[in-house]
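User: I've got a model open and want a quick walk through it. Can we go piece by piece?

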Amino acid sequence: MPHTKEIESVCTYCGVGCDIVAQVDGNENAIVRITADKDGYVSQGKLCIKGKYGFDFVASEERVREPRIARKFLDENPRIAKALDGRLTPLEEGWYTTDLQSAVEAAAMKLQEVREIYGDESFCAIGGARSNCESAYLMQKFARDAMNSPHVDCCARVCHSPSLKGMRATIGEGAATNPYNDIYETEFILIIGSNTTEAHPIVANRIIDAARLHDNVAVIDVRQIKMMKYAKHKAIIPFEANLLVLNMMARVILEEELYDAKFIETRTTGFESYRQAILNDPYADPLFFKSIPGYEHLATKIPLIAREYALKKSMIFWGLGITEHVDGSYAVMAITHLALLTGNIGKTGAGLMPLRGQNNVQGACDMGCLPYYDPDYQTPEKVGLMTPQLIDAMLEGKIKALLNMGEDIAHIHPNQNKIDKALEKLDFILVQELFMTEIAKRADIVIGVRSAYEKEGVYVNAMRRLHLSQPLVESDLPDDWEVLQRLENAMRGEYRYESGEAIWNEVREVAHRRFSGASYLRLRRHRKRGLQWPVYIEDTPVLHLLDFRTEDGLGRYVYHQYRPRGQVRELTEKGRVEGGFYLTTGRTLPHYNNAAQTLRSEKLDSRYDEDVLLASEADRERFPETERVVLESAYGRSAPLQVKFSEKIAPDTLFVTFHHARSRINYLFGDESDELILTAAFKSVKVTVLPA
């Protein structure tokens, strides 16, 4: 009989951070089943299909079990090859395997050589949001301390960096203000730029429950998404019109005097200049939609949503449909303006909820995996380059070595034609991964590491909740931080952490403003509920109760006028879209980002084994009569894609997922990005449709 035990931990997928219970066969050291914790604080007894079925990757035969070194790398580095003589085993064409210490020694030799030739700042580190806080912290410390390079970044660059930028500029803190359960306490919910049922389904469950009881949800998006089925107000808007719509909502609130005058007077500054700017902005008038063919009805729909938001205790939820635009940071500022105008912040049931993507992207940012922040969002001695700037620096020959930890930069980032060329110019790529992802295939050394289900560590979810994970199965692979410590030891020998807990205790000192009271002991004791930072004696479920986290405690208005572009400009100036379509991208429920884990689960991959292009039924005659089509932009081409026509897609627009690298979707995007923080404009690119 199998020896089955139950172990509680946290889901390894999105930023919701669901509580899970795994049934584990102790004799076989294998996960048999994963279910939701029946009284889990986050999951509430429910899991999405990824949480339930997406654990097969742990035991996959495709796992990187032994470190790999590229033959080409050894041919180009005879000194290193000689040092490893007798410690290499041929694997397959192009690769050798070796032991962990040999791989680390080879990496250390090459990194030291690169530094000696090109200087400290020829090195960069990218990643950290897929690992625990302990490893994310040590990654940025290794870069800044051991390598003396300021160039550290993570996947927040392609998702919620604009949320951090926009919220810090206005209220001083770039994180969710409330716990998920405040959905049950609010009177009105606005969702904009978030396909919540697909990307954050356990949060969506709460919203749907609330909508069924109170009919209190508004959804704004560029296409008809599932959540609109439950919405009281649904608004399909043109591409790249988020800032336009949000400024219009603020204009309605100001003109109709629906704002909270007392809150504005006591808790904000700069209101009058903001008010004048928006009242004099012609693009902030909802009647502007009268000039946009096909979207004229929004001139009356947007004011309806604005009024209900202002007059009720309200919450706003958003995702990458807001942030992945050239004005993403400004759109987030416009969201916070709505909260400041109406007093819908700093209280239970009223606040701002950026829905984070990765399981620990909040934690990675908290740990300092950003070029302009040390841990705890302190200012570093030197500010490094953001990922798009690092790519340019690679092409210029200034960056020569890359440490990539759990982030597939050769798949999920934009302008892949350019990235391909940049990676070819590097002298050295070290990758820490579970599988041979696209970036791992291009690496010189690949070190296999433990997955989230094989290690202990702290994860911070989208509502600032700290959860201490437990390993579900045993593994002889190293944790990410152990690889980094060995690497540092091979170069200097100063890091002496005996456990992840030792690293976390250092985090509690370095990032004391958030984590000083969050010991492993307390996190184990409160594993069910978790703790929401900042944690001192007690935790903080709701932020900004009395003051904002600005220097004077006051909220600020940072107004930015909308500038017509893309589809909006074409429709207003020409009355139609000419020469192609506007494409947006997103997720589907069965898969997660680059699908490195989910495509190894038959139950998930069989539901969605290729990326599918969705087009409007009204545009069917504009498509070639072929089974598949290719998309072409100014920057590149996709692979042939299957097409499905739908009434849920607006004319002149397209939607496609990006999970499968072979689809080459991110080859369609260029360098267009957020003006302040360089997050890629993944949510809109002009494409033409060609026969495959």
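User: Leaving aside neighbours within four places in sequence, which residues is G457 in contact with?
Analyst: First, a caveat: this is a predicted model. Beyond four places in sequence, G457 touches N132, E134, H467, L468, S469 and Y520.

User: Where is G457 placed?
Analyst: G457 is in strand β18, residues 457-460.

User: Buried or exposed?
Analyst: Buried. G457 has 0% relative accessibility, and the cut-off for buried is under 20%.

User: How far is G457 from I126, in sequence and in space?
Analyst: They are 331 residues apart in sequence. C-alpha to C-alpha, G457 and I126 are 20 Å apart.

User: Switch to E66. What does E66 contact, leaving aside neighbours within four places?
Analyst: T97, T98 and V446. E66 itself lies in the loop between α1 (49-53) and β4 (68-70).

User: And how does E66 count for accessibility?
Analyst: Partly exposed, because its relative accessibility is 46%. That class runs between the 20% and 50% cut-offs.

User: What about E66 and D476, how far apart are they?
Analyst: In sequence, 410 residues. In space, E66 and D476 are 10 Å apart, C-alpha to C-alpha.

User: Zoom out. How many helices and strands does the protein have?
Analyst: There are 24 helices and 27 strands.

User: What is the radius of gyration, and what would a compact globule have?
Analyst: The protein has 25 Å. A compact globule of 692 residues would have a radius of gyration near 26 Å, so the two agree.

User: What does the C-alpha trace span along its principal axes?
Analyst: About 75 × 65 × 60 Å.

User: How much of the protein counts as buried?
Analyst: Of its 692 residues, 65%.

User: And what share of contacts is between residues 24 or more positions apart?
Analyst: 75%, taken over contacts in the protein with a separation of 6 or more.

User: Helix packing next. At what angle do α9 and α11 pack?
Analyst: About 110°, with the axes 10 Å apart. Helix α11 covers residues 271-279. The angle makes α9 roughly perpendicular to α11, since 65 to 115 degrees falls in that class. The crossing is left-handed.

User: Which residues make that contact between α9 and α11?
Analyst: From α9: N247, A250, R251, L254 and E255. From α11: F271, Y274, R275, I278 and L279. By class, the α9 and α11 contact has six nonpolar, one polar and three charged residues.

User: Now α16 and α17. How do their axes cross?
Analyst: At roughly 50°, coming within 8 Å. Helix α16 is residues 387-395 and α17 is residues 416-424. The pair is therefore oblique. The crossing of α16 past α17 is left-handed.

User: Which residues make the contact there?
Analyst: On α16, I391, D392, M394 and L395. On α17, K418, I419, K421, A422 and L423. By class, the contact of α16 with α17 has six nonpolar, no polar and three charged residues.

User: What is phi of E257, and of D376?
Analyst: E257 has phi near 50°. D376 has phi near 70°. Most residues other than glycine have a negative phi.

User: Where are E257 and D376 found?
Analyst: E257 is in the loop between α9 (242-255) and α10 (261-267). D376 is in the loop between α15 (361-366) and α16.

User: Buried or exposed, for E257 and D376?
Analyst: E257 counts as exposed, at 60% relative accessibility. D376 is buried, with a relative accessible area of 1%.

User: Last one: Q567. Where is it placed, and what does Q567 contact?
Analyst: Q567 is in helix α23, residues 566-574. Leaving aside neighbours within four places in sequence, Q567 contacts P238, F239, Y295, V577, Y582, P651, D652 and T653. At 1% relative accessibility, Q567 counts as buried.

Methods: Residues are numbered from 1 along each chain as its sequence is written. This is a predicted model: local features need pLDDT of at least 70, side-chain atom pairs count only at pLDDT 80 or more; totals for chains, interfaces and linings use all residues. Side-chain values use heavy atoms; hydrogens and water are left out. Axes are lines fitted to C-alpha atoms, for helices over the stretch in contact, and angles run from 0 to 180 degrees between N-to-C directions. Helices (H or I, at least four residues) and strands (E, at least two) are DSSP runs, numbered from the N terminus. Angles under 35 degrees count as roughly parallel, over 145 as roughly antiparallel, 65 to 115 as roughly perpendicular and the rest as oblique. A crossing is left-handed if the near helix is turned anticlockwise from the far one by less than a right angle, and right-handed if clockwise. Contact means heavy atoms within 4.5 Å. Ala, Val, Leu, Ile, Met, Phe, Trp, Tyr, Cys and Pro count as nonpolar, Asp, Glu, Lys and Arg as charged, and the others, Gly among them, as polar. The radius of gyration is taken over C-alpha atoms; the globule rule is 2.2 Å times the number of residues to the power 0.38. Buried means under 20% relative accessible area, exposed over 50%, partly exposed in between (1.4 Å probe, protein chains only).
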